[in-house]
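Open the model in your viewer and keep the selection panel at hand. The stops below come in the order to select them.

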Amino acid sequence: MGMSVTISAAAETDAEHILKLQYLCYQTEAELYGDYGIEPLTQSLADLRAEIAQGPALVAKLGDEVVASVRARVDDTGTARIAKLIVHPRMQRHGLGGRLLDAIEQRFATDPAAKRFQLFTGHRSESNLRLYRSRGYVPVSREQVGPRLTLVTLEKESSARAYVASA
């Protein structure tokens, strides 16, 4: 009988595991864009702990192993900015990224401050773009941040706000 993946709030004790996983997961992005100086690969443990403390941050665990993570926060414009959705390479293509994205959105479902969700990815990151589009995100802007990288920002209304608008 296999173990199932559980999703829960990230604890400070998860920070080192998240950072190691983040480093592993962003290798393919760095290779894709020819840039190993991207922020997820240079982030310090102290900065990651600060992000977790600001919350919410979620982890997906298989037993005791952190196999996926995501972080978010609502800014003063009412935008829930979702960041660093990562899934261990051996766990990819099994729906875990979508489950984690749904879970972080659910954290904001009853928060009246969260009017919309927003995230970004690189223009060549087809699997990321496909996942986000499948969850209702639409591109709202593109910004060239380097000679090889254009960031695509995607957005969607929060479900609580969409419900109010349709009522």
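**Before you start.** This is a predicted model, where local features need pLDDT of at least 70, side-chain atom pairs count only at pLDDT 80 or more, and totals for chains, interfaces and linings use all residues. Residues are numbered from 1 along each chain as its sequence is written, and side-chain values use heavy atoms, with hydrogens and water left out.

**Stop 1: the largest pocket.** Select Tyr26, Leu85, Thr121, Asn128 and Tyr132. Of the 48 lining residues, these are the closest to the centre of the largest pocket. The space in the largest pocket is about 1400 Å³. A pocket here is an open set of points on a 1 Å grid over the protein atoms alone, where a 1.4 Å probe fits, with protein on both sides within 12 Å along at least five of seven lines; lining residues have an atom within 4 Å of a point. The volume is the space filled by probe spheres set on the points, which are joined across faces, edges and corners.

Now colour strand E4 (residues 79–87). E4 gives the largest share of the lining, seven residues. Strands (E, at least two residues) and helices (H or I, at least four) are DSSP runs, numbered from the N terminus. By class, the lining has 22 nonpolar, 15 polar and 11 charged residues. Nonpolar means Ala, Val, Leu, Ile, Met, Phe, Trp, Tyr, Cys and Pro; charged means Asp, Glu, Lys and Arg; the others, Gly among them, are polar.

**Stop 2: the cores.** Which residues have the most contacts inside the largest nonpolar core? Select Ile82, Leu96, Leu101, Ile104 and Tyr137, in a core of 26 residues. Elements that give two or more residues to this core include E4, helix H4 (96–107) and helix H5 (126–134). Another core, of 16 residues, lies apart from it, with Ile18, Leu21, Val66 and Ile86 among them. A nonpolar core is a set of buried Ala, Val, Leu, Ile, Met, Phe, Trp, Tyr and Cys residues joined through side-chain atoms within 4.5 Å. Buried means under 20% relative accessible area, exposed over 50%, and partly exposed in between (1.4 Å probe, protein chains only).

Stay on Tyr137. Beyond four places in sequence, its contacts (heavy atoms within 4.5 Å) include Ile82, Leu101 and Tyr132.

**Stop 3: helix H1 (residues 15–33).** Select Gln22, in H1. Gln22 is buried, at 0% relative accessible area. Leaving aside neighbours within four places, Gln22 is in contact with residues including Arg71, Lys84 and Ile86. Go to Glu16, also in H1. Glu16 is partly exposed, at 42%. Its C-alpha atom is 27 Å from that of Tyr132.

**Stop 4: Glu51 and Lys84.** Glu51 lies in helix H3 (residues 45–54). Not counting residues up to four places away, Glu51 touches Gln43, Arg71 and Lys84. Lys84 is in E4 and buried, at 12%. Check its phi: near 50°, a positive value. Most residues other than glycine have a negative phi.

**Stop 5: two loops.** Arg93, between E4 and H4, has a phi near 70°. Arg93 is exposed, at 70%. Finish at Ser158, in the loop between E7 and helix H6 (159–166). Ser158 is buried, at 1%. A polar atom of its side chain lies 3.1 Å from the backbone oxygen of Ala114.

How values were computed: A polar contact is a pair of N or O atoms within 3.5 Å; within protein, one must be able to donate a hydrogen and the other to accept it, and residues adjacent in sequence count only if both atoms are side-chain atoms.
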